[in-house]
Amino acid sequence: MEPENEIGVRAVERLCAKIEERGRRTPFGFPEYIALAARFPERIFRNIFQMFYDMMYSYTDVEKDEYPDDPESIKYVPYNCSRLFELGTDRPFFGDRLFVNRLMGHISSFRRGIRQNRIYIFEGPHGCGKSTFLNNVLMKFEKYSATDEGASFETVWRLNRKLLGNGTDSTAKYLVEQLRNMVDPSAQKGLNLEAARSGTAEKQYLEIACPSHDSPLLLIPKANRRDFFNELIPDRDFKHKLFSHKQYEWVFKDSPCTICQSLYHALLDILDSPAKVFEMVYARRNLFNRRLGIGISVSNPGDRIERMHTVNDEHIQSQLNSILMDGSKVRYLYSRYANTNNGIYAIMDIKDHNKERFANLHGIISEGVHKVDCIEENVNSLFFALTNPEDRENISDTQSFADRITYVKIPYVLDFNTEIKIYRNIFGDQIRKYFLPRVLENFAKIIISSRLNPHSTAMAEWIPDSSQYGVYCDRNLLLLKMDIYAGIIPSWLSEEDRKNFTAKKRRKIIAESEAEGDRGFTGRDSIRMFNEFYQAYMKKDKPITMAMLSLYFKKHCCAGGPVPEDFFDALNSLYDYTVLQEVKESLYYYNEENISRQIQNYLFAVNFEIGQIQKCRYTNDELKITEELFETIERKILGHRSDEARRKNFRLEVQNIYASKTLAQEILIEGKPLRDTQLYQSLYDRYLHNLKENVLAPFLKNDNFRSAVKDYGTEGFKTYDERIREDVSLLVGNLGARYGYTQNSAKEVCLYVIDNDLAQKFAEQ
Ligand SMILES: [Zn+2]
């Protein structure tokens, strides 16, 4: 052989080995399959519902519960579905927290074993992304089914000609003919057989795959199943589940398809030995392939309905011809429903031809069987459909069928975090940096406000009088509801309302979302509006502010407009409140270290005479003991208006306790650090309490502070005295570290807080 040729031959050999490895569809014997069932029972004892459940959970991560110790939690879980809906898809789908919780709730019934004679209809308005959702889920299911974890197996018969024929042609001929009649009543008897026999090399066996993708487990006679599995499976926990959980009822109740069943009996008649019959039973990987229509069938409204009871699918024909080892011209026929037994049957929008398809499902879903001539075919499929709310009339509403329908609402996004995810996906992650923190969220909240019911009974039941929250929230509490939809319980809620936020009330509020999101700005509207807004206001050196949002949305925020009338003002007010808290906290946390230092120095200094210079043993600060040193700290602890007598008294008292108890007892005997002593703790708490009340006051009155903020990061900043520079630097630093501000946006928000006198605005509350 020429060397070049040899290279080619080797390459093809390697390729073929890889293809074989990846294909993994080579049938293997029944004993091997049973060994697999003993080793991996969780995977083998699994119908389509259980498998779909496993798939959904294997592509979904549950993020940390925001309130793990909440006794009223309703497990409104922060699922992360990016691997399920986004990763590796042509078009990502973004399901909000409400939808995903709703969806996972339904999916979990798949493992609870409620008999699944039903169709799941995903109902949502135009542009909600429902077809993207279904496409992506089906794609992931297909992928999952190709992994080891997602493997499932179907029955393949290998009919050994020699064994069956005992050397004579007649029995084999009879059997194969009978089989053909079963599979294809229309086939001309005898003719096909002749054609098959005239093929090149006659194979040892004829391979017939179960057209209903039955699990080989079902070939075990029902009467023997319990004992057989009991002896087979070593895993006691699994066995307990298998024998007692409703989800495994099918293992004991379901029968194989009529073809497998009659084949089994026919073989038993001929061979007169179950052992010999099982020698012909093989298992092979179930293939789910939407494009080829194997195991997953998706019908579009425009797809014409096949009028024949049985279908001969050319795709499968060619597949089978390559799989069937004898390459004979067996016509493999099946009802179009058999193909999705143990699979997924999906109808995209219920209109045009899909109306008829949907109506045809009536009997199948109710009974779980489909009549093919006089044969009853099992159809245990996962049925999905999509529909727009206005097409409900196309859904035949005979009562018996209505009971079989589960509607899963898939409205426009109602959770602002998800809405932002959509913008980031389209316009890029960098959009965030052109907005002041929280302003992007607020854009999303305005969009969502148009999609909510203006009035909420559930919210009003929880908080009958919303006026107490006038500065944080709109009259209808939509802002509060949006937080709840996003899984947030805001800190501005009163203790009482927080306590009253019971599981029952939460469920009611979340349930209201099913009747929302079908109005207001559509998914497409919001993307168009975001684009328009972003193009108009995005600047390199000036972040997007609330004022810009106000300008842009002005025309929508009026009586009768899509955004409720008082919503924007409330949003703005909540924004003011929130940024004020951020600025306060940023100053306050800086002070925490500083306060601790001051108190330690004070506790040390009270033991010395005025005029001395001492190095503090706790902080290593060199202290010049002066009246001023005492006074500054005492005023912070006792209040600004405390007089000299009170302060001196206090100082004496502190010194006494420090000497007799703190130092003598707690530090020297008990070995506590100063920060853990009672005296330190009480001074620290009083200091903090006073400070929190007035944290901004000294800064706001100081014009120097405002200009220092303005000059931060410029040459001019160096001209301010050290104290102010330190305060401003730490404020800006904390706003960055804690709340995600850039240097520029931190300056911007500080000036906003000062210039709008927000401290004053909220002081009256
Ligand atoms: Zn079968």
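These are my notes on a few things I looked up in this structure.

**Entry 1: the whole chain.** I kept in mind that this is a predicted model. I began with the secondary structure, and the protein chain comes to 35 helices and 17 strands. Next I checked burial: 34% of the 765 residues count as buried. Then I turned to contacts with a separation of 6 or more, and 74% of them join residues 24 or more positions apart.

**Entry 2: strand S4.** I picked out S4, which covers residues 119–123. Is this strand mostly covered or mostly open? I found it mostly covered, with four of its five residues buried. I then looked up its partners. S14 (residues 382–387) runs parallel to S4, and five bridges join the two. In that pairing I noted Glu123, whose bridge partner in S14 is Thr387. S15 (residues 405–409) is also joined to S4 by five bridges, and these two strands run parallel. Here I noted Phe122, which stands opposite Val408 of S15.

**Entry 3: helices H32 and H33.** I went on to H32 (residues 703–711) and H33 (residues 722–739). How do they pack? Their axes lie 10 Å apart, at an angle of about 55 degrees. The two helices are therefore oblique to each other. I logged the crossing of H32 past H33 as right-handed. For the residues that meet, I listed Asn704, Phe705, Ala708 and Val709 from H32, and Ile724, Arg725 and Val728 from H33. I sorted the residues of this contact by type and got five nonpolar, one polar and one charged.

Methods:
Residues are numbered from 1 along each chain as its sequence is written. This is a predicted model: local features need pLDDT of at least 70, side-chain atom pairs count only at pLDDT 80 or more; totals for chains, interfaces and linings use all residues. A residue is buried if 20 or more other C-beta atoms lie within 10 Å of its own, exposed if 12 or fewer, and partly exposed in between; C-beta atoms are placed from the backbone. Two residues are in contact if their C-beta atoms, placed from the backbone, lie within 7 Å. Axes are lines fitted to C-alpha atoms, for helices over the stretch in contact, and angles run from 0 to 180 degrees between N-to-C directions. Angles under 35 degrees count as roughly parallel, over 145 as roughly antiparallel, 65 to 115 as roughly perpendicular and the rest as oblique. A crossing is left-handed if the near helix is turned anticlockwise from the far one by less than a right angle, and right-handed if clockwise. Ala, Val, Leu, Ile, Met, Phe, Trp, Tyr, Cys and Pro count as nonpolar, Asp, Glu, Lys and Arg as charged, and the others, Gly among them, as polar. Two strands pair if DSSP finds at least two bridges between them.
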